[in-house]
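Student: I have a chain open on the screen and would like to go through it with you. Where shall we begin?
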Amino acid sequence: MGTRCVLARLDGGETVRLLAESDEFENPEPQPLQITVEASSDDTDFAVDNDTAVSDGTLREFTECPPIDVGGVGSTSGGGCFVATAAFGSRLDRHVVTLRHFRDEHLLQSTAGRAVVRLYYRYSPGAAAVISRNEGLRRAARGILAPLVLAIAYPWRTLLITVLIVLALLATRRRSRRARCAPLTGPMQRAGR
């Protein structure tokens, strides 16, 4: 069992992400996964020991048939982030990757989280299809998802910023109340006597 693909050209320092997808079968139990990457060149290679990389991982079990994004080797990713992909334009966008990792590492680890993910898979493909065809909706979806992505990627910073904003709003409100309730003093009060 295996698939082979050849990239015609890969420049020095360039990175290519390979995705393996299937939506035609169920996987009742975790399966071992091994990815082997070999590189060759017409140029003289003085360090042939780094021309092959092998990485092992596990393809998680699933009973529904969403696409399986193998992602990076060793990933346990499940189906696609449809709305985020439609909003940000690519399943490889860093925002989409952040949401996918949150799903895999947090939501799929609990019964309630898995129920949310199942519900999402049921309704989001239709919404994503509409969003992907309308730039205004894509912009609105990005505006809604961006704070969520920031909160997931930087939870402590987001909490700190939120607390600072709330404190600033409370201080402004308090100053405003004081200004309305303070007795008049100074030139205006003297002029009225």
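Tutor: Let us begin with a definition: a residue counts as buried when its relative accessible area is under 20%, as exposed when it is over 50%, and as partly exposed in between. Please keep in mind that this is a predicted model.

Student: Then H95: buried or exposed?
Tutor: H95 has a relative accessible area of 17% and is therefore buried, the limit being under 20%.

Student: Which element holds H95?
Tutor: H95 belongs to helix α2.

Student: And what does H95 touch, leaving out residues up to four places away in sequence?
Tutor: With those set aside, H95 touches F88 and V149.

Student: What about α3 and α4, at what angle do they pack?
Tutor: α3 and α4 pack at an angle of about 120°, and their axes are 7 Å apart. That angle makes α3 oblique to α4.

Student: Which residues meet there?
Tutor: V130, I131 and S132 of α3 meet L137, R138 and A141 of α4. The residues of this contact divide into 4 nonpolar, 1 polar and 1 charged.

Student: R138 is an arginine, so let us turn to charges. How many salt bridges are there?
Tutor: The count comes to 4 salt bridges.

Student: Which residues are linked in a network?
Tutor: Salt bridges link E135, R138, R139 and R142 in a network. Within it, the side chains of E135 and R138 meet at 3.1 Å, N to O. E135 also forms a salt bridge with R142, where the closest N and O atoms are 3.1 Å apart.

Student: Where do E135 and R138 lie?
Tutor: Both are in helix α4, which covers residues 135-153, and they are 3 residues apart, about one turn of the helix.

Student: And the burial of those residues: is R138 buried or exposed?
Tutor: R138 is buried, with a relative accessible area of 18%. E135, at 37% relative accessibility, counts as partly exposed. R142 also falls in the partly exposed class, at 23%.

Student: Elsewhere, which residue forms a salt bridge with D104?
Tutor: The partner of D104 is R103, with the closest N and O atoms 2.8 Å apart. D104 and R103 are both buried.

Student: Staying with R103, how far is it from G113 in space?
Tutor: The distance is 8.1 Å, C-alpha to C-alpha, and the two residues are 10 apart in sequence. G113 lies in helix α3, residues 111-132. G113 is buried, with a relative accessible area of 4%.

Student: A change of topic: where is L59 found?
Tutor: L59 is in strand β2, which spans residues 52-59. At 18% relative accessibility, L59 counts as buried. The C-alpha atoms of L59 and P30 are separated by 5.6 Å, and the two residues are 29 apart along the chain.

Student: Finally, the overall layout. How many helices and strands does the protein chain have?
Tutor: The protein chain has 6 helices and 2 strands. Along the sequence, their pattern reads β-β-α-α-α-α-α-α.

Student: What share of the residues is buried?
Tutor: Of the 193 residues in the protein chain, 23% are buried.

Student: And the contacts between residues at least 6 apart in sequence: what share joins residues at least 24 apart?
Tutor: Among those contacts, 57% join residues at least 24 apart.

How values were computed: Residues are numbered from 1 along each chain as its sequence is written. This is a predicted model: local features need pLDDT of at least 70, side-chain atom pairs count only at pLDDT 80 or more; totals for chains, interfaces and linings use all residues. Side-chain values use heavy atoms; hydrogens and water are left out. Buried means under 20% relative accessible area, exposed over 50%, partly exposed in between (1.4 Å probe, protein chains only). Helices (H or I, at least four residues) and strands (E, at least two) are DSSP runs, numbered from the N terminus. Contact means heavy atoms within 4.5 Å. Axes are lines fitted to C-alpha atoms, for helices over the stretch in contact, and angles run from 0 to 180 degrees between N-to-C directions. Angles under 35 degrees count as roughly parallel, over 145 as roughly antiparallel, 65 to 115 as roughly perpendicular and the rest as oblique. Ala, Val, Leu, Ile, Met, Phe, Trp, Tyr, Cys and Pro count as nonpolar, Asp, Glu, Lys and Arg as charged, and the others, Gly among them, as polar.
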